Structures are given as C-alpha cells and as structure tokens.
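Dear colleague,

Please find below the structure that I am handing over to you.

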Amino acid sequence: MDYYRPVPGTQVEDLETPCLLVDLDAVEHNFRVVADTYRDTEVKMRQHTKNIKSPRLALMQIETGGTVGGVCTAKLSEAEVMVEGGVTDILIPNQVVHKDKIARMCALARRADMKVCVDNMQNVQDLSDIADAYGVKIGVLIEVDTQMGRAGVRSNEQGVAIAKLAESLPGVDFRGVMSHQSLMEYKGEEDRYDVGRQTIQICLDVKNAIEAEGIAVGMVSSGETFTIDVATTIPGVTEVEGGTYALGGTTYDYMKDYRMANKVMGTVISTPRSGVAIGDAGLFALSGLGADSVEDHPEITVGEMLDHQIVLKSDGEMPLKVGDKFKLIPDYQDMMINRWDQYIGIRDGAVEQVWDIPGRGCTQ
Amino acid sequence: MPEAKPHSHFRCQKKNKDVAKLGMKNTVVLFADSVPTCTHRANLSCHTQISGLAPKRSQHPHLVDSTLPVCYCFSRLLKEGVSLAFPTHEEPLMERPIFKPIGTAEEALDTPALVVDLSGLNQNIETMHSFFRSRSVGLRPHVSGHGSPAIAHMQIAAGGTVGGIMTATLGQSEVFAATGFDDIFLANLVTAPSKIARLCSLARRVNMTVAVDSAANVSDLGEASVEAGVTLNVLVEINTRRDGMGVAPGRPALELANAIVGEEGLHFAGLMTYEGSIRAEGDELVSESKKWIQQVLDTREKLEKAGLDVEILSVGGTHNYEIAGEMDGVTEIAAGSYALMDEGYRTYRPQFVNAAKIMSCVTSMPEAGNVITDAGRKAIGGDTGNPGIPTLPGGEVRGLSAEHGGIDLDPSFDHGLSLGDRVWFVPNSIEGCVNLHDYMHVIRNGKLDAIWELPARGRYR
C-alpha cells in the first residue's frame, strides 16, 4: 500500500512520480453533464463504481444529480466499501452465489437497499433462504446476455421462469432486468446507436415477456458508458450503468461532451538513445491497457512497457529531457485505477485534495 | 411451540451481557462471528437442533462441504414460531478483507484469493538455491517475484545468495529495508532530486546499490552522497536485448564507469544488464542467453584492461540462471519468479512448480461448456497473457475481463462443476499478479497456515 499525501497547494510539477492525478474541474464537469443529460428523462444514471473505487466520487455524482440515487458495484466487497462510505442504494450487476457471500450481502442489506443479478434458479433459492433467515429482503434482477457471451439468461423463457420463482419466494424481491453491452468494435456513430438499440432491445424483450405473465418489472438497468446517450432514446430503460464517463478513457473517444479527468504523471529518468525517453511509470502502475498517448505531445508514441518503466518514442527529436514530467492518457482506465491507493486531486495546477481509493483490490 | 434458548456456543463470553440486555424470549441470538461462515446439515428437531448447531467457527472449518447454512436451518425454526434476533448495528458485522482463522480449509477462503502452497514454495527455493550453494556465483532474489518480506527472508536463509536482495523501485527498497534487509540492489535509475535524497537516507542504514546510465545522473548522485555523508554503490546498466534503459556495451560503459570512479561519494561496483526473460528452450535458450551476457563480459574485460575493478556483474534470471551461472565472470544472478512460478514460465522451467494460484468461484454457467468465475484481470492480472487452469482438465481460459474469468469447458469431461465451486488459476505473470494483492494466503496441507502481507504493493515511487 502507498501513502502518498502531498500537502494541498503543492504545485503539480513538484509532485513525486509516478502519481495518479484527478483533474477536479474535469470530473465536476463530467458529473454536471450527466446531471444535465438525465435531468428530464425517465432513464437515470446509476454510476458504476468499478471505475472509481471511491465512495467520495460516487456521492459527488449523486449530489450533482441525474442519478437513481445509488450506484452499481462489480463485487460484494466493493459494495461493502460504498455502503461504508455512505451510499445506501446498491446494485451488484453480477452474481453472488457462495453462501458465505450471500450471508455477507444480507448483513449489508440491513444498512442499504441491496440488489443483485441472477441467471440461475438455484441461486435465487439460496438468496431467498438466507435472506429470509436474516429477516432482510434482497432485490433481484435477471441478468440478460445480449452479446457478451458471459453471464445472463439466453432466452425470454428462462427469464420468465426465474422471475416467477423470485416472485414466489420470501426474502427476495423481484425488481427487474439488467444487461451489459460492450460495443468496443462499433463502426461510427450510426452503428453505435443501431447496435446499442439492438442489444438493449434483447433486454427489453425479456422485460415484456415477464410483464406478459402479470409480473411487474420496475427496473430495466441497461447500457453503460458506450450507450450513455443511446439509452435516453429508448422508452422502458430506467437506468444506465455508466462508469468510464466519470474519469475518462480514450476507448470512449466519441464522448466529446466529457473531459479526460484521470492521468498518470511520470518523470523521464533516461534518454538513452536518440528519439527515446524512458519514464518512471510502467506496466504495474498503468496496466497493459493503461495508456496509449502523452498529453500535449501528439508526436510521442508509447513503446514497450516494462514493469516499472515506459519507453516513449518520437520520430523526430524527443522533446522530453531527463527530469521532465509527462502525463499519460489512459485507454482502459478501470484496470489502472485498481492499481492506485490515492487520487491526487488537482485544480489550477496545484493539489487541492487527496482522496484514498478504498475500493482498490476489492475483487471479492 | 418449541422454546429456543440462547446457547452458550453461539456467543463469545464477553457478549453475555448483551444477550441478557436483549431479554427476548423464544429467541436465538446469532453473532456475526458465527453467522456468515458456519454451515451445517439441518436436523429438524428444534431443541437438539440448536445444540447440534453450536460449533464455533474456529471449530468448524469444513464450510464448503456441508450442505445448508446455519441461517437456513433457522428459517425452519422461524416457521415453527421461534424468532431470530441479530446483532445491533454497533456489533461489527464483518471485516474487510474477510479474514478466516488459521486452519480454515483452503476452499472456504473468500474468493478471489491469492493462495500460496508452502510445500511448493519450499521446493522451488530448494531447487534454485541448491544450484547456487555449491558455486561461487551467487543468487540475488528479486523481490518483485513475490513482494513478501517473509519469502525474501526464506530465500536468504536458504543459502546460495549474495546475502542481499534486488528491488525495482525506491519505495519497494524502503519497505524491504524496514523489514530487515541490509543489502539492497535497486535495479533502476534514481534521478529526481527528492528521490536521490531518499536513496542517500536509505544508504545511511543499509548497503544500497543503484544503477546508472548517464554521466549527469552520476554527477547528481555523487554530489548528493557527499552532502549526505554516505557512500552509494553504483553499477553501470548496459542495454542489451530490451529496448529500455542502459548505455551501449563497450566504450560508453567504460566512460560512465570512469565517471563513477571520479566521484568521491560513489563506489564503482560493476556492471548489470536486464536482458529480459527469454522464453526459449534447449540450444536456443543457451545461444540467446550467451549472446547478450557475452556483451557484458566483453565490457568487463575492457574495464579491467583500463584498470577498473568489476566486483559485481549481474545478469540472468529464472529463465537462464543455470546458463548464466556457468559463465566465467558473472558474479550474481537476479531471479524472482522461481519462488512462486507462473504460467508464462511453466513450459520453459519444468524444475519449478506452480506454488501460487488464484482461487476463484464459479458464479455462472449460462450454457453447456461455458463457465464464468469471479476472478478476472483485476485479481489475476492479464497484461502478459491468459492464466492457466491446470486443475480443470478439458478446460481452457477463453479470456479475462476486468472482473470475470471465462472458461471453455470440453463437455466430454464430466466435471460435476456447479455454482459456488472453486477453480484455481495460475497467473501468467507472478510479478503482475502480486502487484494486485495486499496479502497472500499461505496454505499447508490444504489449510490456511498464515497470512503474509505484501507491504510494498503499490510503491511505484
């Protein structure tokens, strides 16, 4: 664990590196965009905390607006961190199957509205038995596989069967349906909308099939940062699970309204050959999907990443000298955030606040 | 209606007053330390049931094999009119991470869990260190291969080493200096003034060795060490196979060595290269290893002709220690992965066993042959490739996402796998994996024997 906590007022160029910077203006801007986008819509944001790992940032979005008033967490231990930090409405868009974990989730349900996704009848039965014994209610949503090939029911019939079971059992409260999309391969804006609508429709089909059996479907939690705007155009969707929008990643380069808020700052430690600079932030600090460009230096490309160094290259003369600081723009940021213990919050070129990242490593 | 009394086994002695304070009849009080993990086969006779369900968690480690959780049993009691009371919010309901008592069966640990098999670890250390015990060349364990001071102490105690360790960052060096290591070779460049100050501070307490690849850095280190009144051991890093740091072999290295010798506060200690882990076998491994290491040995000769004493020549790693260790002029080998091993080295280094695994839980089996587990890139690491799953025949890792691991399972194997079952992954890169965890579960004979912290995790600075 690292304990880097620079004094507020420290200039960015005086920080020790590598360190994880959060541009406070940018993240506040991003939260306001969400508040504006979802102000008058039926659908609201349910921020995914896997990308931030911080209850502080989650509560900032809830306070700014546009949300359902809660978050989703990738795992139970991440939910525990969020509840501890003051969030009281949690959806785990994932399965909690081990009985020890279900018991923990029931303990948590005494302090927060806990909801979890299911795709299996036995899992629903286990949730019911244990929650009933605890005297709590666990909300369940049916996970629908759209195109990930991961968890989730594969047909309307499966969804209806699980919904009926959940309706009939004590301890569980049937809430709705959920699906996740990852449209990494989209070809242009039109395609993103088309594929986004098609995949979300698969989830809505299950909802319609369940409602046809006379069971109310309160929640349709569908979409993520890729469909953050698409979801607002589809009636029936009640919430969007956006994560990357908060701090930004270049994978989501179409999101012109949002600003890049997280960067890893490094320092050049060697310029061994012409056109090459070695920086002090490597694979461990960034992850293999961590960074592909350097802020303000389009001429620099990222070469090999060693465990603790990054090789920066330039076709012409390398503008960075030993001792120069540089900021790496993340690609897939949630893997990167998970490797850090503190956010260094920056405004106007100086440290304003330092926030711990208590959800780091919470993969359980 | 059956009457249920609070049973002494359900609570800790210090909590007796709380039970009395509740003053409820027909109530079974369950405390957090007995609720979340105890499982027990139900026996429907209510009174004897309560007695029968009494074991404390520490006496009841067989969690996974039992069929029904305690709370399930108590729902039967509820239906028979017995009410349940739970600890108030002031009671600590859980701790995070969820620690389990020593002696807990491996399968009962919270998942995903980094688990280390002690016998495998000991076997690997014996295999590696016995090679060096009979030779003049020494081993310098690279602690990035496990991140654990406990394992590093085992490595030094096993003999065959130079008596010190290798580290990758200054922050990591500080942690290992504070946990009892007095000879630390930081195989990295330290250039920022604030970091040079930290390095000199460390050098006041332990024997510090550091690498350089530029004359300007030599001059900065020299100035700072004189001011701090310490001596830094400095090696010239030579760039060979990797496109990274280091000066070219030969004349540039000689010039830099001369610059070090000219600094009052610095001691010229020798030469190093990191040729990178060469994933090859047989003759190819030998020729590839010798090709790069020979460049350093040639440079050594050049320096010695110029009258410089090269005490340390550090090359090699887990991938080629037996080849590098036989080359005249090599004084030490820096190796780290051998202790715990990983999937990346498995086929190339069969003399070592996989002692570290990530234990995961099956969370979804949405269709035949498709298994989803709760361990993904954030728990296993995936920067260098997919992990292995040696304990699941017919299984193949389809890929890792951030939070999930997907496995394709050959349906012709009858695994009897169901939700909640455990699946063990061997990480592709052990360094990358331990960088994600704050502690490891040490397992002896299938049971939890110790929890070792990884205090240098995240110390990139």
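Predicted model: local features only at pLDDT ≥ 70, side-chain atom pairs only at ≥ 80, totals over all residues.

Two packed helices are described by the angle between their axes and the distance between the axes. Helix α4 of chain A covers residues 99–108 and helix α5 of chain A covers residues 121–134; they pack at an angle of about 45°, and their axes are 9 Å apart. Because of that angle, α4(A) counts as oblique to α5(A). The crossing of α4(A) past α5(A) is right-handed.

Turning to chain A as a whole, it contains 9 helices and 17 strands. A compact globule of 364 residues would have a radius of gyration near 21 Å, so the 22 Å of chain A agrees with that expectation. The C-alpha trace of chain A spans about 70 × 45 × 35 Å along its principal axes, and 60% of the 364 residues of chain A count as buried.

Finally, the contact between the chains takes 64 residues from chain A and 64 residues from chain B. On the side of chain B that touches chain A, β12(B) gives the most, with 5 residues. The residues of that side of chain B divide into 27 nonpolar, 23 polar and 14 charged.

Yours sincerely

Methods. Residues numbered from 1 in each chain as written. Chains lettered and ligands numbered in written order. Helix = DSSP H or I, 4+ residues; strand = E, 2+ residues; numbered from the N terminus. Rg over C-alpha atoms; globule rule 2.2 N^0.38 Å. Buried ≥ 20, exposed ≤ 12 C-beta atoms within 10 Å, placed from the backbone. Contact = placed C-beta atoms within 7 Å. Nonpolar A, V, L, I, M, F, W, Y, C, P; charged D, E, K, R; others polar. Axes fitted to C-alpha atoms, helices over the stretch in contact; angles between N-to-C directions. Parallel < 35°, antiparallel > 145°, perpendicular 65-115°, else oblique. Left-handed = near helix turned anticlockwise from the far one by under 90°.
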